[in-house]
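These are my notebook entries on a structure that I went through piece by piece. I begin with the annotated sites and then turn to the helix, the cores and the pairing of the chains.

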There are 2 protein chains.
Amino acid sequence: MKPMKVALLGCGVVGSQVVRLLREQAADIVARVGAPLELAGVAVRDPGRRRDTSVDPGLLTTDAEALVTAPDVDIVVELIGGTDPAGRLVLRALHGGRSVVTANKALLAREGAALHRAAHAAGVDLCYEASVAGAIPLLRPLRESLAGDRVTRVLGIVNGTTNYVLDRMDSTGASFDDALAEAQALGYAESDPTADVEGHDAAAKAAILAQLAFHSRVTAADVHREGITGITPADIANARAMGYVIKLLAICSRGDRHGVGVRVHPAMIPRSHPLAGVREAYNAVFVEARSAGNLMFYGAGAGGAPTASAVLGDLVAAARNRLAGVSGPPESVYAALPVHPMGETVTRSYIALEVLDKSGVLARVCEVFAAHDVSIQTVRQEGRGDDAQLILVTHQAEDAALGATVRALERLDVVRAVASVMRVEAEDAA
Amino acid sequence: MKPMKVALLGCGVVGSQVVRLLREQAADIVARVGAPLELAGVAVRDPGRRRDTSVDPGLLTTDAEALVTAPDVDIVVELIGGTDPAGRLVLRALHGGRSVVTANKALLAREGAALHRAAHAAGVDLCYEASVAGAIPLLRPLRESLAGDRVTRVLGIVNGTTNYVLDRMDSTGASFDDALAEAQALGYAESDPTADVEGHDAAAKAAILAQLAFHSRVTAADVHREGITGITPADIANARAMGYVIKLLAICSRGDRHGVGVRVHPAMIPRSHPLAGVREAYNAVFVEARSAGNLMFYGAGAGGAPTASAVLGDLVAAARNRLAGVSGPPESVYAALPVHPMGETVTRSYIALEVLDKSGVLARVCEVFAAHDVSIQTVRQEGRGDDAQLILVTHQAEDAALGATVRALERLDVVRAVASVMRVEAEDAA
């Protein structure tokens, strides 16, 4: 059997595990592919660096360009991350007729269209299961298993770092800073946690999920994004008192109107919802489809071995296709649905107000809501004197109306401060 | 575009929904397949019967044989269920070069080998995502996404009826009979509930799951099976007191030794385990893989629309393959692992004994366990006089040793009765 030759770009945490799996699973892979998978080369920045697994030093190269265009390479596995030079290398590989497997969410969320076009033109595969929710098989089920159904909403916990931080805040009462420090000490958060805690990582994944779920082009720039840095122990406690838990959610929704909404922000969800039980750094994606009903996919969202497992699944599929002389389905964006602006999104919201402790305050606050057509579902008055608070939860309202309400509340003389505003989600599906 | 012609066998709860989806999703399906899917005929027993959806009466036929071999049929969807005549019709379709989509777990678990052989010989697809856990995409992820990993264990709640019954017993304290009657009233259980409550349905699904997870031939006859009819409110209460919940599990395991174990029985699992939160008639399958870690797939396990959604996913894939002139991967049973007898299975167990209320009883009972090399982890003495009970949980032990222990306990003069024996599972993964 002639081996399929694999070029590996990057040999860090995930790449090392891919090398290990290719070696340890070699016999199984032959049985599943119909041919062995053999490393043609491993492009790295520093060939002298120590790695988690042994790589034949003769395979290491610093010339990634040359490797992706080497004549004997069949499949390129891109694990460099970021958009440059990863994007350039992936495009060169595709143009040269190599299938590509990548875990690069940022690249897919930004340049997915160009990459898909290149793959289609060359008749090769572009696979990226590992780019969203690590080991959880998600893109293949969304694209293939639900191909005869209509997905109406996707709710995802797709960032392990923020889920760990929020889970610790919920279970121990820790502040955001303390929970983040703990996550950093455990290796769940990077020393610069911006990409995670500000929601950039989740936004890229949300774009990819929305595109596959709705068969429409969505890029990271289309995604409304809010992070979790402003969440206080008081928010966590208020959520708990109301039977909710706070999660950073990627929400992709397709309503009755023409178009889709894609957003990433912290949200309160009922503790009875399956997503509420997703603890620590685990990921989970809850999919609502018209016929299939509610589905949830749960697992490790990151880490070398889990991500490598997803890469290997793609690698086996791409190799099998290549042997058979076919490629998988092309990018599916036939629905071409527009992305709604965030202001048109309809949600319920929780609002915590620090107010003056005197009579008539509630009436004044309620007037502001009424003036903006935002209906209040529940109000709780808490504390006295300087601690006087109003905790409100609204009925469904457009985000723009809610925003205008909050701005008006900030100007209201009886309101000392708008302490917190957070959306309430997933109540219908709980 | 020349349409792909679909023959539908059976037009009951699921078939009606397939007809509806083919109509409602027609435009999307064209975009995804590259050609329309058109019904060539619908084989039914009684063409005059009222159905949930409108079917062109001109398509109805009672001659299923003729339909599956009609020259213009590309794909046969088998939704008759049972092994005969379904098996005969599926084989005829495959021999005649038609791809087949089926939701028939009994057929797959019994005659899967012959069907796969026929599909492979004819170069066509045999798809059965709907046969296990309804709408939950499970077979495709197991077969394809984890293709470069090694699955070590699958724990599944794959029967909605029994999960509903056990959930009601747990949440309301109801007896088995009352919970079953409630499930029957709600349509979750059939008037003859044997196939569900005795574990036959789950055993067929366990065989299919094990085969896909371990790439080895497993049939329903290989599956050790126990039902839930003997579970009492006392068992439920004891489980709760120890932090467990009782679920009917399909367990497929691949240990360090050569071979696999496949079994269906009620088991106590920790309340903190993700499977413990699977309520009502929902299904979920928890997959443990060496590299991917723990994954869980959750959703509706039955029902017309969810099952039809899974059928449509398969139909789109089979149609796309047929247009491209290819077929999916052949049956993967290369690993050829033997199935262990149940006696060699190693588990922990819960044992409830009704005992005489006198001193020395505990010592006598412990002697019996020691004589069979079964180590006790915890003992609780409860009640006095005629209600005196011992509740024991063992460490890991071989099932054969546990069985011998139980038989010896039944003969022991200080033991009035062995009230209950149940395995304790999934503690390591909680």
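Does Glu190(A) count as buried or exposed? I looked it up and found that Glu190(A) counts as exposed, at 56% relative accessibility, where buried means under 20% relative accessible area, exposed over 50% and partly exposed in between, with a 1.4 Å probe and protein chains only.

Before going on, I note that this is a predicted model, in which local features need pLDDT of at least 70, side-chain atom pairs count only at pLDDT 80 or more, and totals for chains, interfaces and linings use all residues. Residues are numbered from 1 along each chain as its sequence is written, chains are lettered from A and ligands numbered from 1 in the order in which they are written, and side-chain values use heavy atoms, with hydrogens and water left out.

Entry: annotated sites. In an unreviewed entry, UniProt lists Glu190(A) under "binding site", and I place this residue in the loop between α8 and α9 of chain A; helices (H or I, at least four residues) and strands (E, at least two) are DSSP runs, numbered from the N terminus. UniProt, again in an unreviewed entry, also lists Lys105(A) under "binding site", and such annotations may be inferred rather than shown by experiment. Lys105(A) lies in helix α5 (residues 105-122) of chain A and counts as partly exposed at 25% relative accessibility. Beyond its neighbours within four places in sequence, I find Lys105(A) in contact (heavy atoms within 4.5 Å) with Ser131(A), Asp201(A), Ala204(A), Lys205(A) and Ile208(A).

The "binding site" feature of the unreviewed UniProt entry also covers residues including Leu9(A) and Gly12(A).

Entry: helix α7 of chain A. I see that α7 (residues 160-172) has 13 residues and reaches 18 Å from its first C-alpha to its last, close to the 18 Å expected at 1.5 Å a residue, the expected span being 1.5 Å times one less than the number of residues. Because 10 of its 13 residues are buried, α7(A) is largely enclosed by the rest of the structure, and its cover includes β7 (151-157), α8 (176-185) and β11 (282-289) of chain A. At the start of α7(A), a side-chain oxygen of Asn159(A) comes to within 3.3 Å of the backbone nitrogen of Thr161(A), and the helix is followed by Gly173(A), with a positive phi near 80 degrees.

Entry: cores. A nonpolar core is a set of buried Ala, Val, Leu, Ile, Met, Phe, Trp, Tyr and Cys residues joined through side-chain atoms within 4.5 Å. I find 171 residues in the largest, where Leu209(A) and Leu209(B) have the most contacts. A second, separate core of 34 residues includes Leu21(A) and Val55(A).

Entry: pairing. Chain A can be laid on chain B with an RMSD of 0.0 Å by a turn of 180 degrees and a shift of 0.0 Å along the axis, superposed by least squares on the C-alpha atoms of residues with pLDDT of at least 70 in both. The copies are thus related as by a two-fold rotation axis, and in chain A the C-alpha nearest the axis, 2.4 Å from it, is that of Phe297(A).

Technical notes: A polar contact is a pair of N or O atoms within 3.5 Å; within protein, one must be able to donate a hydrogen and the other to accept it, and residues adjacent in sequence count only if both atoms are side-chain atoms.
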